[in-house]
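The following exercises are to be worked with the sequence and the model at hand. Each task is followed by a solution in steps.

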Amino acid sequence: MSTATVAPARQQTGALVNQVVRRFGDRVVLDHLDLTIAGEELVVLLGPSGCGKTTLLRLMAGLDRPDGGTVEVPVRRAIVFQGDRLLPWQRALRNVTLGLHGPDADQRARAALAEVGLAGRERAWPKELSGGEAQRVALARALVSDPELVLLDEPFAALDAITRQEMQGWLAHVLVSEPRTVIFVTHDVEEAVMIGDRVVVMSPRPGQTVVEIEVRLPRPRRRTDAAVVELRERALAALGVDT
């Protein structure tokens, strides 16, 4: 009988998924899935709806447990969802200090807001923020606890195309200035290639990896660069899309 555990990672900042199984009733979503994430690597999980991307993210966040296999993750981790999930009755600074303790909580929150480009917006109400600003507050709330692993579940999906591209560029800048281990879920092939160090394409079949694509291009990246176009076509081909 296989074990089903979520435990601290042996690596300092990386993560390990070993033979993980997750079922919902008779439906198998993850079927003996293996995945290794190195420290300070940004891995993008790409695939169609229902292939198990968010399920895997929830397991790594500790919001769910596997039916089999093991998930080893750092103790300090944070998750950001598609919606910003800000408290509308709290200003930006107080949304970031949620769960923080100690006399330096405000200072740390201000530093996190500055890191995401929102210095001076500490007293803004959520309704006064644009969609991109609200999502940056949510990211600041995740980063303020100095997590070893950041889990991002389609954080830019609800944004308009221009803001989404701006946020992709901002994320690339933040990760260059202060590298972190990140797992990023998306349906967007171009987004995956633009921000990832590695793209893991998930199959519509239960929890199977079709292909892993190493990106390893310097940042910032241009969408029209030949290397980016080639990688995008490889990812589309792995998804079964005729380019």
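**Exercise 1: A strand and its partner**

Strand 4 (residues 42–46) and strand 9 run parallel and are joined by four bridges. Strands (E, at least two residues) and helices (H or I, at least four) are DSSP runs numbered from the N terminus, and two strands pair if DSSP finds at least two bridges between them. The model is predicted: local features need pLDDT of at least 70, side-chain atom pairs count only at pLDDT 80 or more, and totals for chains, interfaces and linings use all residues. Residues are numbered from 1 along each chain as its sequence is written, and side-chain values use heavy atoms, with hydrogens and water left out.

Task: Identify the residue that stands opposite valine 201, and determine which residues of strand 9 are buried on each side.

Step 1. The residue opposite valine 201 of strand 9 is leucine 46.

Step 2. Apply the burial classes: buried is under 20% relative accessible area, exposed over 50%, and partly exposed in between (1.4 Å probe, protein chains only). In a regular strand the side chains alternate between the two faces of the sheet.

Step 3. On one side Arg198, Val200 and Met202 are buried, and on the other Val199 and Val201. Because five of the five residues of strand 9 (residues 198–202) are buried, the strand is largely enclosed by the rest of the structure.

**Exercise 2: Salt bridges**

Task: Describe the salt bridges of arginine 164 and arginine 219.

Step 1. The criterion is a side-chain nitrogen of Lys or Arg within 4 Å of a carboxyl oxygen of Asp or Glu. The structure holds 17 such salt bridges.

Step 2. Arginine 164 pairs with glutamate 191, with the closest N and O atoms 3.0 Å apart. This pair links distant parts of the chain, arginine 164 in helix 5 and glutamate 191 in helix 6 (residues 189–195), 27 residues apart. Both partners, arginine 164 and glutamate 191, are buried.

Step 3. Arginine 219 pairs with aspartate 197, the closest N and O atoms being 3.0 Å apart. Arginine 219 lies in the loop between strand 10 (209–214) and helix 7 (226–238), and aspartate 197 in the loop between helix 6 and strand 9, so the pair ties together parts 22 residues apart in sequence.

Step 4. Arginine 219 is partly exposed, at 24% relative accessible area, whereas aspartate 197 is buried, at 10%.

**Exercise 3: An enclosed helix**

Task: State how many residues of helix 1 are buried, and name them.

Step 1. Seven of the nine residues of helix 1 (residues 53–61) are buried, so the helix is largely enclosed by the rest of the structure.

Step 2. The buried residues are Lys53, Thr55, Leu56, Leu57, Leu59, Met60 and Ala61.
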